[in-house]
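Here's a quick briefing on a ligand and the pocket that goes with it. Have the structure open as you read.

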Amino acid sequence: MTAIVGAAIEVARDAADAARLAADVVADTVRARPDAVIGFATGRTPRALYAQLARRVARRELDLRGIRVVALDEYVGVAPDDPRSFAAYLDAHVIRPLHIDPRRVSLLDGSAASDEVLAERCRAYDRLLDAAGVDLQIVGIGRNGHIGFSEPGTPFETATHLARLTEATRRDNADAFGGDPRRVPERALTQGPATIARARTILLVASGDGKADAVAAAFDGPIDPACPASLLQRHPRVRAVLDPAAATGLSRRGRGVTPDRSAPTTPRKADR
Ligand code: PGA
């Protein structure tokens with residue numbers, strides 16, 4: 001690991017090291033609060049992290065049964081029992097391998113409904129997250145700088161919402177849909193930038209040179225909705241775990257720009 005002094009960005013030696021570092025962030029969260037509320041991202045990148053957590057759980061080094069799991073996003077028009085849904089992803093990569101009681105899981109439901117019903121589900125989800133208080137939100141980053149499915153241009157004050165996916169995002173997510181971007185849903189429900197920013201700690205994971213420009217824009221560029229992840233520069237507790245390829249665009253300034261880990265945090269509702 002290359003520790004960057006004064007910054008919360010860690011550049012791992014390789015993919016396995018990145019998974020271990022990210023798993024340490026989850027383990028630290030749970031050590032401090034065994035009933036932590038943790039938001040789990042989907043996508044390719046966090047899979048190695050979840051596999052690492054599953055190994056620690058299997059070896060009884062880590063007990064995650066007390067946590068509460070919340071989702072980051074979900075496709076619209078894809079039922080939770082559809083294998084392409086993020087509900088199915090979380091079941092396969094998080095809930096079952098980490099031995100989490102499904103009653104401790106809150107998902108976004110994007111299955112068939114009117115836009116009014118979908119909008120009400122988003123509002124209800126924000127109320128739920130607000131009441132629970134998210135301790136740790138895990139996010140990936142899109143090649144276009146999105147976090148969750150909050151695409152470029154989404155105002156930072158946007159809460160959980162019905163998002164229209166860009167063509168680039170549909171291309172990047174085509175694998176699960178037979179490789180055909182046209183079969184990827186056009187819309188999704190997603191925590192908004194404002195929702196994500198309410199988490200006490202945000203853990204961003206990124207790997208591969210395809211993410212280097214987005215990572216540089218997020219931590220080195222202007223804080224601007226054109227790069228939704230740039231909002232993280234304003235958050236008091238961000239941990240970013242990158243593999244060397246994802247970190248190549250980051251200048252020294254970018255490595256130092258993230259806030260100090262010791263910065264004060266917003267207390268959970270229950271603490272106030
Ligand atoms: P990926 O997705 O991990 O599959 O690259 C990340 C994202 O789009 O947020």
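**The pocket and its ligand**

The largest pocket has a volume of about 690 Å³. Keep in mind that this is a predicted model. As for what goes where, the ligand takes up the space of that largest pocket.

**Pocket lining**

- A set of 33 residues lines the largest pocket, and those nearest its centre are Thr-42, Gly-43, Arg-44, Phe-86 and Asn-173.
- Sorted by class, the lining of the largest pocket comes out at 14 nonpolar, 11 polar and eight charged residues.

**Shell around the ligand**

- Around the ligand you'll find Gly-43, Arg-44, Thr-45, Gly-140, Ile-141, Gly-142, His-146 and Lys-211.

**Polar contacts and burial**

- Arg-44 uses its backbone: one of its polar backbone atoms is 2.8 Å from an oxygen atom of the ligand.
- Thr-45 brings in its side chain, with a polar atom there lying 2.5 Å from a ligand oxygen.
- His-146 also has a polar side-chain atom by a ligand oxygen, at 2.6 Å.
- On its own the ligand would expose 280 Å², and the protein buries 87% of that.

Technical notes:
Residues numbered from 1 in each chain as written. Predicted model: local features only at pLDDT ≥ 70, side-chain atom pairs only at ≥ 80, totals over all residues. Heavy atoms only, no water. Near = heavy atom within 4 Å. Polar contact = N/O pair within 3.5 Å; in protein donor to acceptor, adjacent residues only side chain to side chain. Areas by Shrake-Rupley, 256 points an atom, 1.4 Å probe, with all protein chains shown as cover. 1 Å grid on protein atoms, 1.4 Å probe; cavity = no way out; pocket = protein on both sides within 12 Å on 5 of 7 lines; lining within 4 Å. Sits in = over half its atoms within 2 Å of the grid points. Points joined across faces, edges and corners; volume = space filled by probe spheres on them. Nonpolar A, V, L, I, M, F, W, Y, C, P; charged D, E, K, R; others polar.
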